[in-house]
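Open your viewer and get ready to click along. We will go from stop to stop, selecting a few residues each time and looking at what surrounds them.

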Amino acid sequence: MAERPEQEIPEQEIEVLLDEQRAYPPPEDFRRQAWIQNESIYREAAADPEGFWAAQAERLEWSRRWDRVLDWKPPFARWFVGGKLNASVNCLDRHLANGRGDRPAILWEGEPGDRKTLTYADLHREVCRLTNVLRGLGVGKGDRVAIYLPMVPELPVAMLACARIGAPHSVVFAGFSAQSLRDRINDAEAKVLITADGGHRRGGIVPLKAISDEALENTPSITGVVMVRRTGEDVPMVAGRDHDWAELMEGAADTAEPEEMDAEDVLYILYTSGTTGKPKGIVHTTGGYLTQVTATARAVFDLKDSDVWWAAADIGWVTGHSYIVYGPLALGVTQVMYEGAPDTPNRARLWSIVERYRVTCFYTAPTAIRAFMKWGTEHPAAHDLGSLRLLGTVGEPINPEAWVWYHREIGGGRCPVVDTWWQTETGSIMATALPGVTTLKPGSATHAFPGIALEILDRRGERVEVGGGLLAITKPWPSMLRGIWGDEERFRETYWSQWKDIYFPADGAHRDEDGYFWVMGRVDDVLNVSGHRLGAAEVESALVEHEAVAEAAVVGRPHEIKGEGIAAFVVLRESASSRDGLAAELKAHVARAIGPIARPDDIVFAADVPKTRSGKIMRRLLRDIAAGKAIGDTTTLADPAVVQKLREEYGDED
Ligand code: ATP
Ligand code: MG
């Protein structure tokens, strides 16, 4: 079996077996205080999407108003044509001008326990100084700057300084290897690298400067390196190339003119996490992106001055770009930023942070929620989580069982849980509940955000009203990607070649009778059993529903009769007592929950499943293991040892 193509389209429509009936209307006290309390927003936005988005854009500060809202020459969109603005001005200067400079912007906590508060005025000053530093190193409008930093305040400072100069940043997640960093620097031809001596992770130190030095052995475009001292380790500095952040900042002036940027000037490049192989440099521009991240942060997370926001994500991924840096800062909210691992020094770390800072709105990923479930309820129970009023999730389909657990154990049964579907490519949230309006169904991303044309189509492009098919976005949206850096052909091929002038996200989904969207995950993770197309996520959800199971990853493997058999890799909860007879029980459980067709052929008990560095299940590698063949590209894998162990475990099965 050859490596599957990135964008395989199923021959048959995807079948829907899982039947989730639980429903959660918005709590009345939440609805009454929410920014959006009325469903009419959907009708208004649908009647005039451009007018809707223009009204959202009005909330930003523009130095020149746009002439036209949208210019659409598929697959190229230009939003707010002729408009001028600067993202750092929108995130900083205008709050100072409105007398909000003393508001805390970032309540930062380091993994070892050190703490720092930066007000908007502090952040503005640091950004201006770094702007001057970078300009002094020759960085100008249009130059690319690579950023390889841990979750320290210098990371948003660096991004906003780039935005102030108009130099697109390319943030590389600090868990990536030297080779991955080098590839990304070279692809973007970055001029300067901003890094740190090291970062704290799980009680240890990630030697970022050493990794950077290795990466920089073959990066001809780099002329300078700025290094933050975070860990205080002794690190070699290359004369003429490397500079100490603090030394440069000391002599820098506290104010810096922002560059006036066109709405369509590039704000940043971000490489996708690489679940599918060769990373793509996704390009985002300024005006439309800032409009949609701000509109969604406000409407979906319901953020107000009284809130303490926490997106427990890494800025190295798009979630952090949009909902730690640009959205919340443009709104002027107060947020928590945490440097380290959720289980250091113990498994209650996140909950101690929620209690300490009185966090009100919390956003994380299903992979984290499943880890919390696996660790047990005693950890959240040890802290006062009474400040929370809203929860969110993003990154993978959330199993209904994990959703319900999150709602009950973290949200105390009173917080709406917004399941938000979007991608690096979409820049902002595309499908989601509006917490004051939508009746929630666990596992469903519910509806398209107002003004977004989200549909389910079949292979031929026919609309599917009720049932399974492929997600499609049929009209341009403000924060859509404007291309893949340096590769127009791949951009057209990857996203625009399935149907004419319609964006293809490569996710499968279905829609129920009430019009709710249920995203089933990547199209290439769909199983084909005896001619039936099943979503891997559905079988996984059925498994996770079983009390002994914390996490499951399901893939197809060659089967003589059925075409594809189902192999399920299962991680047990720590409370699970015994494995005796459990495999048979789990097979029967799945058959009962969603039907005999979905009964797994193999159950493999595993200590862990392979994940991307962003924490998503990497089914591509599991397919290789289950098919008994050589393992594909593992450069984006978080922990290669997991794969080796799994192969041994799979080999042990009969
Ligand atoms: P790559 O594109 O490099 O393979 P990736 O797709 O994992 O990596 P992201 O852009 O971070 O990188 O993730 C977007 C994808 O995550 C979506 O296409 C979808 O498959 C999944 N996803 C995100 N949010 C949700 C959600 N709420 N429900 C279901 N799936 C989701
Ligand atoms: Mg993707």
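Start by colouring the protein chain by pLDDT, the predictor's confidence in each residue, from 0 to 100: the chain averages 93, and 95% of the residues score at least 70. This is a predicted model, in which local features need pLDDT of at least 70 and side-chain atom pairs count only at pLDDT 80 or more, while totals for chains, interfaces and linings use all residues. Residues are numbered from 1 along each chain as its sequence is written, chains are lettered from A and ligands numbered from 1 in the order in which they are written, and side-chain values use heavy atoms, with hydrogens and water left out.

Helices (H or I, at least four residues) and strands (E, at least two) are DSSP runs, numbered from the N terminus.

**Stop one: helix 4**

Select residues 87-97. Among the buried ones are Cys-91, Leu-92, Arg-94 and His-95. Show the surroundings, and you will find these buried residues packing against several elements, including helix 5 (120-136), helix 6 (154-165) and helix 10 (287-301).

Next, zoom in on the N-terminal end of helix 4, which Asn-86 caps: a side-chain oxygen lies 2.8 Å from the backbone nitrogen of Ser-88. After the helix comes Gly-99, with a positive phi near 75 degrees.

**Stop two: aromatic pairs**

Rings of Phe, Tyr and Trp (its six-membered ring) pair if their centres lie within 6.5 Å; planes under 30 degrees apart count as stacked, over 60 as edge-to-face and the rest as tilted. The count comes to 32 aromatic pairs. Select Trp-66 and Phe-80: their ring centres are 5.0 Å apart and the planes are at 65 degrees, so this pair is edge-to-face. Trp-66 is in the loop between helix 3 (49-57) and strand 1 (68-73), and Phe-80 is in strand 2 (residues 76-81), so the pair ties together parts 14 residues apart in sequence. Both Trp-66 and Phe-80 are buried.

Move on to Trp-309 and Tyr-363. What kind of pair do these rings make? With centres 5.8 Å apart and planes at 35 degrees, the pair is tilted. Trp-309 belongs to strand 16 (residues 308-311) and Tyr-363 to strand 18 (residues 361-364), so parts 54 residues apart in sequence are tied together. Trp-309 is buried, at a relative accessible area of 0%, and Tyr-363 is buried too, at 1%.

Select Phe-301. Leaving aside neighbours within four places in sequence, Phe-301 is in contact with residues including Trp-309, Tyr-323 and Tyr-363.

**Last stop: Thr-360**

Finish at Thr-360, in the loop between helix 12 (349-357) and strand 18. Thr-360 is buried, with a relative accessible area of 10%. Not counting residues up to four places away in sequence, Thr-360 touches Ser-306, Asp-307, Val-308, Ser-387, Leu-388, Arg-389 and Leu-390.

Conventions: Buried < 20%, exposed > 50% of the residue type's maximum accessible area, 1.4 Å probe, protein only. Contact = heavy atoms within 4.5 Å. Polar contact = N/O pair within 3.5 Å; in protein donor to acceptor, adjacent residues only side chain to side chain.
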